[in-house]
Amino acid sequence: MMPLVGNLSDKCGRKALLTLPMIFTIIPLGILAYSRTRNFFYAYFVAKTLTAMVCEGSVHCLALAYVADNVPEGRRASTFGILSGISSSSFVCGTLFTRFVSTTSMFQVATSVAAVAVMYMRIFLPDSIIDDNISAPLLSTEKPKVSNSDENSNAELQSSTALPSLPDIIALLKTSPTFSQAAIVAFFSNLADVGLHASLLYYLKARFHFNKDQFADLMVISGVAGTISQLVLMPLLAPVLGEERLLSIGLLFGCAHMFFYGLAWSFWVPYAAAMFSIFFVFAQPCMRSIVSKQVGPSEQGKAQGCISGICSFANVISPFAFSPLTALFLSEKAPFNFPGFSIICVGFAAMVAFIQSVMIKAAPPISSERVSSNCNHMEP
């Protein structure tokens with residue numbers, strides 16, 4: 001769904017497409033805010049499954065495309081980092097907030113906050129400017145005006161108004177070697193991240209008898225460290241080192257913190273490993289910034305949606321790969337005594353992303369070339 005949502009946002013505007021998933025997010029929260037009986041829980045499960053098909057990752061994807069629309073290329077890495085830092089701070093605040101309110105009140109507050117977010121977005125967020133010369137509104141019969149002197153350009157512009165197909169996605173991945181490399185990095189880094197989250201709680205509970213409070217402490221430590229890093233360190237380092245180097249640094253520390261979890265020899269090691277989020281949070285904003293520079297202004301939604309779709313695919317297959325492995329090595333039937341073996345395998349998946357990131361070179365952005373190319377074929 002992410003490539004479709006992103007492509008539609010290129011045609012209809014980011015604000016219109018942001019409205020739908022943000023409204024849909026309210027529905028399952030409202031169900032549990034009203035009642036938490038068995039029937040309402042089943043209704044929540046069905047509503048959450050259906051809305052997640054549209055909402056899961058859509059807001060983040062469209063927010064990245066919106067930032068790419070309004071921020072110059074030289075400042076995107078820092079701005080993407082700040083956006084991720086704000087998301088991390090909201091995660092920390094939400095985690096802390098759950099300690100002070102009852103379960104019933106928690107869902108009621110969450111529903112209210114989601115509704116306020118929609119109203120704030122509709123009232124105060126200005127829409128990105130859509131270039132009517134190179135795109136047309138959804139379901140509109142109007143076609144872009146182009147000169148008849150270049151049939152190739154005409155075909156390219158007509159294809160930009162269609163919904164994305166699998167060949168379109170493949171063609172987008174072939175836009176540049178840098179884009180393809182970033183897609184590989186996105187797949188393996190998300191494969192590792194979700195594999196870690198799917199296995200870590202079971203591993204720590206079996207290995208060190210962690211309870212829910214200790215799990216919450218780990219999440220808060222990681223979230224606070226990541227928030228400070230993205231809001232303070234990344235805006236300072238991105239202009240100096242460049243997003244390519246920061247991407248590699250973030251993935252390297254991501255590998256290290258996974259290996260520390262897998263090799264943990266004492267209860268304090270997971271807390272130390274959580275502090276590595278100061279550096280591994282660099283990876284996602286830098287990767288998104290690199291992607292945004294490889295496509296034109298009218299393709300930001302499609303590009304970010306494509307990467308989000310790849311990440312979602314990794315999110316689906318990762319638990320199937322690592323959860324059974326974790327259960328095996330935590331059981332008495334383990335081939336050898338190594339409880340953290342699945343976490344080490346997750347670290348090797350992250351290592352693949354790191355090796356691929358080292359191969360990414362700072363290629364010149366092509367968005368400006370595409371803009372000038374399109375403009376040469378527009379009627380005055």
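Trainee: What is the mean pLDDT of the protein, and what share of its residues reach 70 or more?
Mentor: The mean is 80, and 83% of the residues reach 70 or more. pLDDT is the predictor's confidence in each residue, from 0 to 100. This is a predicted model, so local features need pLDDT of at least 70 and side-chain atom pairs count only at 80 or more, while totals for chains, interfaces and linings use all residues. Residues are numbered from 1 along each chain as its sequence is written, and side-chain values use heavy atoms, with hydrogens and water left out.

Trainee: Where is pLDDT below 50?
Mentor: Residues 131-162 are one such stretch. Beyond near neighbours in sequence, that stretch has 37 contacts in the model; a contact means heavy atoms within 4.5 Å. Residues 367-380 also stay under 50, with 24 contacts beyond four places in sequence. Where pLDDT is low, the predicted coordinates should not be read in detail.

Trainee: Noted. How many salt bridges does a search of the whole structure find?
Mentor: Two. The criterion is a side-chain nitrogen of Lys or Arg within 4 Å of a carboxyl oxygen of Asp or Glu. In one, Arg 14 meets Asp 69 at 2.6 Å, N to O. Arg 14 sits in helix 2 (residues 14-34) and Asp 69 in helix 4 (residues 58-70), 55 residues apart. Helices here are DSSP runs of H or I, at least four residues, numbered from the N terminus.

Trainee: And is Arg 14 buried or exposed?
Mentor: Buried, at 3% relative accessible area. Asp 69 is partly exposed, at 29%. The cut-offs: buried is under 20%, exposed is over 50%, partly exposed is in between, with a 1.4 Å probe and protein chains only.

Trainee: What does Glu 243 pair with?
Mentor: Lys 293, with the closest N and O atoms 2.5 Å apart. Glu 243 is in helix 11 and Lys 293 is in the loop between helix 14 and helix 15, so the bridge ties together parts 50 residues apart in sequence. Glu 243 is buried at 8%, and Lys 293 is buried at 13%.

Trainee: New topic. Where is the kink in helix 10?
Mentor: At Met 234, shortly before Pro 235. The bend is about 50 degrees, taken between axes fitted to the seven residues ending there and the seven starting there. Met 234 is buried, as are others in helix 10, including Phe 215, Leu 218 and Gln 230. The buried residues of helix 10 pack against several helices, among them helix 5, helix 9 and helix 11.

Trainee: What comes on either side of that helix?
Mentor: Gly 242 follows helix 10, with a positive phi near 90 degrees. His 209 is in the loop between helix 9 and helix 10. Its phi is also positive, near 60 degrees, in a residue other than glycine. His 209 counts as exposed, at 64%.

Trainee: Which residues touch the most other members in the largest nonpolar core?
Mentor: Leu 204, Leu 247 and Ile 307, out of 51 residues. Helix 9 gives the most to this core, with 13 residues. A nonpolar core is a set of buried Ala, Val, Leu, Ile, Met, Phe, Trp, Tyr and Cys residues joined through side-chain atoms within 4.5 Å.

Trainee: What does Leu 247 touch?
Mentor: Beyond four places in sequence, its contacts include Val 185, Met 287 and Ile 360. Apart from this core lies another, of ten residues, among them Leu 17 and Leu 62.

Notes
Helix = DSSP H or I, 4+ residues; strand = E, 2+ residues; numbered from the N terminus.
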